[in-house]
Amino acid sequence: MIHLWQDNWHPLGVLYERFGSRVIYDAHSRLDSRLDSVLSNGIWCWKPARSEELVDIQSRLPEVQLGYVDKPIWTVARKGSYVSADTWDFLRDKKCEVDWWHVVWFPFAIPKHAFIMWLAVQNRLSTGDRLLAWGFQGDAQCVFCRNGVETRDHIFFMCSFSARIWKNCMQRCNDLAPSLDWQRVLNDDCRTWKKKTMAGVLCRLVLSSVVYNIWKARNAIKYQNAPKSEEQILKQIFWEVRSRISGREKFKKNRENVKFCHLWNVDVSILV
Ligand SMILES: [Zn+2]
């Protein structure tokens, strides 16, 4: 539906923006009135103009093409119908694109992993150092190795416990000596994982699954006194990555991808 005073249908533009509220009163109308309130069977039926502004408005009416069906138009969307992406684009506060987004949000990403990764990338997880900064008085040591204050960069992956898990998983991605430096992983390594190749998808899946499961294991120790073994965490990561990589998009059949299938115990039928 088109609004008489608030939509852009008249040659003079949005009438409320141009003339203000006084003209609405003069026209015996309301701010939320629809265009069809001054139409009857396709013919204009305005009340007699009693102000110069109304004369202006009514004198330009012949320029308006009638005959179209009065239908709702979602003006923020390019095609005029509701599209959530266009609406979000209109409402959101636009900032510069970050170069790490493809590591967090990608078609294979597991949503709960992506959320924790998103927090980790921005150093927003409630790690020991951040808890101390907030005035927390308790133990801020790393729960895995008890060797230093728990920071984001320590648990991902300077910590000896998480480093073993990270290395083990990355070896299955053909990286026998992965970096243990978070910034380096994010800035350098992730750039090579942008591609939609099986290696690129695997590395991104592994990173977010390792981050998620290490953080989950850390919380289980800290808040439930329920430690998990390295093998249990690895088993969970392997299961998650294998499940995600199987039965989704097909990957190119080449020697490298066949090797990945063997390393992750995935059926080679996903290769074409
Ligand atoms: Zn540690």
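**A buried helix, a nonpolar core and a zinc site**

Of the 27 residues of α11, 21 are buried, so this helix is largely enclosed by the rest of the structure. The model is a predicted one. Helix α11 runs over residues 198-224. From first C-alpha to last it reaches 37 Å, close to the 39 Å expected at 1.5 Å a residue.

The largest nonpolar core holds 58 residues. Within this core, Phe156 and Leu207 touch the most other members. Two or more residues come from each of α5 (101-104), α6 (111-121), α8 (152-158), α9 (160-171), α10 (182-187), α11, α12 (230-245) and α13 (255-263). Helix α11 gives the most, with 14 residues. Neighbours within four places in sequence aside, Phe156 is in contact with Ala120, Leu125, Leu180, Trp182, Val211, Ile214 and Trp215. Another core, of 16 residues, lies apart from the largest one. Among its members are Leu4, Leu12, Leu35 and Trp46.

A zinc ion is also present in the model. Its ligands are Cys142 (SG), Cys145 (SG), His154 (NE2) and Cys159 (SG), at 2.1 to 2.3 Å. Angles among the four donor atoms are 101 to 116 degrees, and the site is tetrahedral. The donor residues follow the spacing C-x2-C-x8-H-x4-C.

At the level of the whole protein, the domain assignment gives domain 1 (15-91) and domain 2 (101-270). The C-alpha centres of domain 1 and domain 2 are 55 Å apart.

Notes:
Residues numbered from 1 in each chain as written. Predicted model: local features only at pLDDT ≥ 70, side-chain atom pairs only at ≥ 80, totals over all residues. Heavy atoms only, no water. Domains from an automatic or database assignment. Donors = N, O, S within 2.8 Å, 3.2 Å for Na, K, Ca; no water. Tetrahedral: all angles 85-135°; square planar, octahedral: opposite > 155°, others 65-115°. Helix = DSSP H or I, 4+ residues; strand = E, 2+ residues; numbered from the N terminus. Expected span 1.5 Å × (residues − 1). Buried < 20%, exposed > 50% of the residue type's maximum accessible area, 1.4 Å probe, protein only. Core = buried A, V, L, I, M, F, W, Y, C linked by side-chain atoms within 4.5 Å. Contact = heavy atoms within 4.5 Å.
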